[in-house]
Amino acid sequence: MLFAGLLVAVGAVAFRLVVIRQFPGFGPASGGALVDPARPAARIGRLASLAVVLGTIGRLVAEMGVFRDPFEPFWAEIRLLVAGTSWGRAWLAQITAAALSVIAFTLAARPGRAAEPGWMLAAAGVVLLAYTPALSGHAVGAEHYVTAAITADVLHVAAGGAWLGTLAVMAGVLHLGRRSGAEISRAHIVDWITAFSPLALGSAAVIGATGLFAAWLHLGAFSALWAEPYGRRLSLKLLFVLGVVGCGAYNWKRSRGRVLASGDPARLPPTVVLELAVAVGLLLITAVLTTTTPPLHE
Ligand code: HEM
């Protein structure tokens, strides 16, 4: 939930900054006014940030389950964990960034120019959010190259959001736009895919490079990919990565043609939903991976 929320929150900002900047607006809704796609994007961003808040609370509950001393008062234990450990300080940063993002996206969902400060705040909120997994995960505990490990992790998460988060937001905005009666032509969808594709391609390159670096940093030996629990989970993740990349490549090459050839109402092809579904599996295995001790940390 935390990773999915984080990626979609990053995606909401990327969608606003990259896609809508180039191709703003749907056609008029039945009332006549142009429908602004930034508003549903902000609402999706707010929901995603709320998921991060819940996921972050879940992490605290899980951590307490492991470290709780039944003979100590509950609240004293929580205070000690949150204020007295580096894990707790990273946790505080994460919940603060998530709460800030909820407020920012709420402001960004306002109509017209009143939304601009909200979007600026949301951009700051998701940058902070993308920073936080590195601070409480394996990146900060790496044996060597800690600064490089944290930087790579931040880029890995941000690029994941710029690719899959933006795709999820685009699908969600089209769905919400259709429900609100906006006129969404095939040309609109094709324009959005055209704006999105270079972002996705660049992000995929960053994800590959930073993921390989993190794998090299944590694995120790190539044989750990099958010989160690951490490596086996990473190998499983790579299978999901292949699935997402396969769907992404197909959508990159074919989705515009399929949108143009589709019936009414115009919509994204089902392979986009497939790409997002495989991405959910990828995030689930990533969640397991991040809670498995890497060979080089033992
Ligand atoms: C679409 C593709 C991908 C997405 C969305 C994705 C997403 C993520 C996320 C959200 C994290 C958690 C970061 C953290 O907790 O600090 C992560 C960690 C990681 N990813 Fe990826 N990833 C992708 C592809 C890859 C690839 C291709 C590789 C390897 C070549 C890779 C290797 C890793 C490693 C080693 C970690 C660190 C896990 C740990 O903390 O122990 N990822 N990824």
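Modeller: Contact here means heavy atoms within 4.5 Å. The model is predicted. I take helix 6 as the part to look at, which runs over residues 146-179.

Tyr145 is not a glycine, yet has a positive phi of about 50 degrees. Its relative accessibility is 52%, so Tyr145 counts as exposed, the cut-off being over 50%.

Within helix 6 lies His156. The NE2 atom of His156 is a donor to the iron atom of the ligand, and the other protein donor is NZ of Lys237. These donors lie 1.9 to 2.1 Å from the iron. The iron has six donor atoms, with angles of 83 to 179 degrees among them, and the site is octahedral. For six octahedral donors, the ideal angles at a metal are 90 or 180 degrees. Buried means under 20% relative accessible area. His156, at 21% relative accessibility, therefore counts as partly exposed, whereas Lys237 has a relative accessible area of 12% and is therefore buried.

Further along helix 6 is Val173. Its relative accessible area is 0%, so Val173 is buried. Leaving out residues up to four places away in sequence, Val173 touches Phe15, Phe26, Pro37, Pro40, Ala41, Ile44 and Trp192. The C-alpha atoms of Val173 and Arg186 are 15 Å apart, for a separation of 13 residues along the chain.

Phe196 sits in helix 7 (residues 186-219). With a relative accessible area of 8%, Phe196 is buried. Apart from neighbours within four places in sequence, Phe196 is in contact with Val19, Ala162, Trp163, Thr166, Leu167 and Met170. The C-alpha atoms of Phe196 and Phe15 are separated by 8.1 Å, although the two residues are 181 residues apart along the chain. Phe15 is also among the residues that Val173 touches.

Arg16 forms a salt bridge with Glu116, with 2.8 Å between the closest N and O atoms. Arg16 is in helix 1 (residues 2-22) and Glu116 in helix 5, so the pair joins parts that are 100 residues apart in sequence. Arg16 counts as buried, at 14% relative accessibility, whereas Glu116 counts as partly exposed, at 32%. A search of the whole structure finds one salt bridge.

In helix 3 (residues 74-84) is Glu77, which is buried with a relative accessible area of 12%. Beyond its neighbours within four places in sequence, Glu77 is in contact with Met64, Phe67, Arg68, Asp69 and Glu72. In helix 2 (residues 38-67) is Ile57, which counts as partly exposed at 39% relative accessibility. Ile57 forms a nonpolar surface patch with Met1, Leu54 and Val61, and together they have about 410 Å² of accessible area.

Note on methods
Residues are numbered from 1 along each chain as its sequence is written. This is a predicted model: local features need pLDDT of at least 70, side-chain atom pairs count only at pLDDT 80 or more; totals for chains, interfaces and linings use all residues. Side-chain values use heavy atoms; hydrogens and water are left out. Donors are N, O and S atoms within 2.8 Å of the metal (3.2 Å for Na, K and Ca); water is not among the atoms, so sites may look incomplete. Four donors count as tetrahedral if all angles lie between 85 and 135 degrees; four count as square planar and six as octahedral if opposite donors are over 155 degrees apart and all others between 65 and 115; anything else is irregular. Helices (H or I, at least four residues) and strands (E, at least two) are DSSP runs, numbered from the N terminus. Buried means under 20% relative accessible area, exposed over 50%, partly exposed in between (1.4 Å probe, protein chains only). Patches are made of residues with over 30% relative accessible area and no salt bridge: like charges are joined within 9 Å, nonpolar side chains (Val, Leu, Ile, Met, Phe, Trp, Tyr) within 5 Å. Accessible areas come from the Shrake-Rupley method with a 1.4 Å probe; for residues, only the protein chains shown count as cover. A salt bridge is a side-chain nitrogen of Lys or Arg within 4 Å of a carboxyl oxygen of Asp or Glu.
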